Amino acid sequence: MTGVAVVLLTTFLASAVEAVEMVTIVLGVGATRGWRATFAGVGAGLLVLAVVVIAFGLALRATPIGPLRLVIGTLLLIFGLQWFRKGVRRVAAHGLAGLRLRAADEPPEWIGDGFDWTAFVLAFKGVVLEGLEVAFIVVSFGVNAGQLGPAVIGGVAALVVVAAIGAALRGLVTQIPRSLLQLVVGILLTTFGTFWSLEGLGVAWPASDGAILGLLALYLLTAATFITIERRRAFGYSPGT
Amino acid sequence: MFLLSWLIGFGRFWYGFIIGDDWTVAAAILAGLIVTAILNSRGVAAWWLVPVIVVVMVGVSLRRASRA
């Protein structure tokens, strides 16, 4: 494989990992809170990202990504825990019947007349942080390999491909009951928030990015345990009965 | 007057966004991050601390909510 192909493939795969995190957050927030404010957040995030990339260019390598991860990760972690707890309570209350509810049968999370700033901020932060990481990967790989052009193509291609997959899954995700979706998104935000905030502190995770899967498994188990406990507390029986 | 009400609304949004309905969860997470930073600076592996706090605080907060 030529040097150009190696740089192209490496930046594509590395950027795709970040893009998956970005699209996961956008998809979850949009399906739970509504798409108007979420897409506005995505648009604003991409605009800020474009301005930063154009203004700083190669100097992006000096971006203080650590403090940014700490701040955004902490905010997502604390916010994600709110949805985590609400999701556990709602799924415990609805039980297996709740899982069969159609999304349209449940009240929407956002019913106000104004603009949903929560959805906007969540989507905006996810796009800016992950987009900056993609830009950072592209610039670092491209400059170090002397192949900035292929690196940019790899990064942009990853964003386009992952965004297209996310758009294709959008209809599927909106079929999931909101109480369950809120729990799942809460767990995802808590997982990424935990990972990013500690990375921002300079903590070395065991298995590096693989720790995200470990955290996800831990929080899924936690949710399942507390749903069982909440149902026993409320109804005196387990979800299976 | 408009500016004041906008600032109050802005402040309420961020309080609701960050703190939410249980401030003890946010406080515990911040305390966990500070302790993790201190331990990390002394070379102690402390990646496990915040996940443990998350699990414990979810349980504590849910119990408090169901009692209320």
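This is a predicted model: local features need pLDDT of at least 70, side-chain atom pairs count only at pLDDT 80 or more; totals for chains, interfaces and linings use all residues.
Reader: What are the ipTM and pTM?
Author: ipTM is 0.90 and pTM is 0.71.

Reader: Where is confidence lowest in chain B?
Author: In helix H1 (residues 2-18) of chain B, with a mean pLDDT of 77. Helix H2 (residues 23-41) of chain B is highest, at 95. The mean for chain B is 89, and 100% of its residues reach 70 or more. pLDDT is the predictor's confidence in each residue, from 0 to 100. Helices are DSSP runs (H or I, at least four residues), numbered from the N terminus.

Reader: How do H7(A) and H3(B) cross?
Author: The axes of helix H7 (residues 211-235) of chain A and helix H3 (residues 49-67) of chain B come within 11 Å and cross at roughly 20°. Axes are lines fitted to C-alpha atoms, for helices over the stretch in contact, with angles from 0 to 180 degrees between N-to-C directions. H7(A) and H3(B) are therefore roughly parallel (angles under 35 degrees).

Reader: Which residues make that contact?
Author: Among them are Leu215(A), Tyr219(A) and Phe226(A) of H7(A), and Val54(B), Val58(B) and Leu62(B) of H3(B). Contact means heavy atoms within 4.5 Å.

Reader: And H2(B) with H3(B), parallel or antiparallel?
Author: Roughly antiparallel (over 145 degrees). The axes of H2(B) and H3(B) come within 10 Å and cross at roughly 165°. Residues in the contact include Ala28(B), Ile29(B) and Gly32(B) of H2(B), and Ile53(B), Val54(B) and Met57(B) of H3(B).

Reader: New topic. Is Gly73(A) buried or exposed?
Author: Buried, because its relative accessibility is 0%. Buried means under 20% relative accessible area (1.4 Å probe, protein chains only). Gly73(A) sits in helix H3 (residues 65-100) of chain A.

Reader: What does Gly73(A) touch?
Author: Leu68(A), Gly193(A), Trp196(A) and Ser197(A), not counting residues up to four places away in sequence.

Reader: How far is Gly73(A) from Lys125(A)?
Author: Their C-alpha atoms are separated by 9.5 Å, and the two residues are 52 residues apart along the chain.

How values were computed: Residues are numbered from 1 along each chain as its sequence is written. Chains are lettered from A and ligands numbered from 1 in the order in which they are written. Side-chain values use heavy atoms; hydrogens and water are left out. Helices (H or I, at least four residues) and strands (E, at least two) are DSSP runs, numbered from the N terminus. Angles under 35 degrees count as roughly parallel, over 145 as roughly antiparallel, 65 to 115 as roughly perpendicular and the rest as oblique. Buried means under 20% relative accessible area, exposed over 50%, partly exposed in between (1.4 Å probe, protein chains only).
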